[in-house]
Amino acid sequence: MEPQTPKILAFAGSTRSASFNQQLVKAAAEAAKAAGAAVTYLDFLDYDMPLYNQDLEAKAGLPASVVQFKALLKEHQGFLIACPEYNGSLTPLLKNAIDWASRPEPGEPPMALSCFRHKVAALLSASPGQLGGMRGLIHVRAILEGIGVLVIPDQKSIPTAHSAFDAQGQLQDEAQRLAVHQVAQKLVEVTAKLNAA
């Protein structure tokens, strides 16, 4: 059977102005489009979520921003995620979004994980440090795999990110550009094969 055009949702775990990881995921999203995917870019500035609180959820249900975020996750088969590193782990923003999205909607079983199960993800990171944020990717991978996401082995971390991008937000080093493109292409390939008609 011919593989379907995969739908990829691209986002970064940062809302910082001129975020390195936003630049990185946008570059990877363009590579995914070139590889044949339909790509949607998500900015968490448009999905303001309160800090997860079970009492808040019990009283008021899922916030509208969470429901909208979950709908986007459900509509896509693959996720392209750029993950900043905070103190050797992922950002509170990204963890909070994952925690909210893991909560069931009305009518779903408690552990339905409807927007994560059977999805595919690729991870990227960029950091001013020499490790490029790779320590945080270990935690993101463990969290996503624990809730049913297939995280492909291919990933890429960009060190010294403050000097890695040009004025247009593109990686200046050809080898880094190629590596990011290869991660995006692999995500598209795996997602397409797993969702073949």
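Predicted model: local features only at pLDDT ≥ 70, side-chain atom pairs only at ≥ 80, totals over all residues.

User: How do you know that the length of helix α5 agrees with its number of residues?

Analyst: Helix α5 runs over residues 134–146, which is 13 residues. At 1.5 Å a residue, α5 should span 18 Å, and its end C-alpha atoms are 19 Å apart, so the two agree.

User: Which residues of α5 are buried, and what puts them on the same side?

Analyst: The buried ones are Gly136, Leu137, Val140, Arg141 and Leu144. Around the axis they cover an arc of only 140°, so they sit on the same side of α5. Ile138, Ala142 and Gly146, on the other side of α5, are exposed.

User: What do the buried residues of α5 pack against?

Analyst: Their partners are β3 (78–82), α4 (92–101), β4 (120–126) and β5 (150–158). Just after α5 comes Gly148, with a positive phi of about 100°.

User: Now for the loop between α4 and β4, where Ser102 is found. Why does Ser102 count as buried?

Analyst: Buried means under 20% relative accessible area. Ser102 has 19% relative accessibility, so Ser102 counts as buried.

User: What makes the pair formed by Ser102 and Asp99 a polar contact?

Analyst: The cut-off for such a pair of N or O atoms is within 3.5 Å. A polar atom of the Ser102 side chain lies 2.7 Å from the backbone oxygen of Asp99, so the distance meets that cut-off. Leaving aside residues up to four places away in sequence, Ser102 touches Leu113 and Phe116.

Conventions
Residues numbered from 1 in each chain as written. Heavy atoms only, no water. Helix = DSSP H or I, 4+ residues; strand = E, 2+ residues; numbered from the N terminus. Expected span 1.5 Å × (residues − 1). Buried < 20%, exposed > 50% of the residue type's maximum accessible area, 1.4 Å probe, protein only. Arc of directions from axis to C-beta. Contact = heavy atoms within 4.5 Å. Polar contact = N/O pair within 3.5 Å; in protein donor to acceptor, adjacent residues only side chain to side chain.
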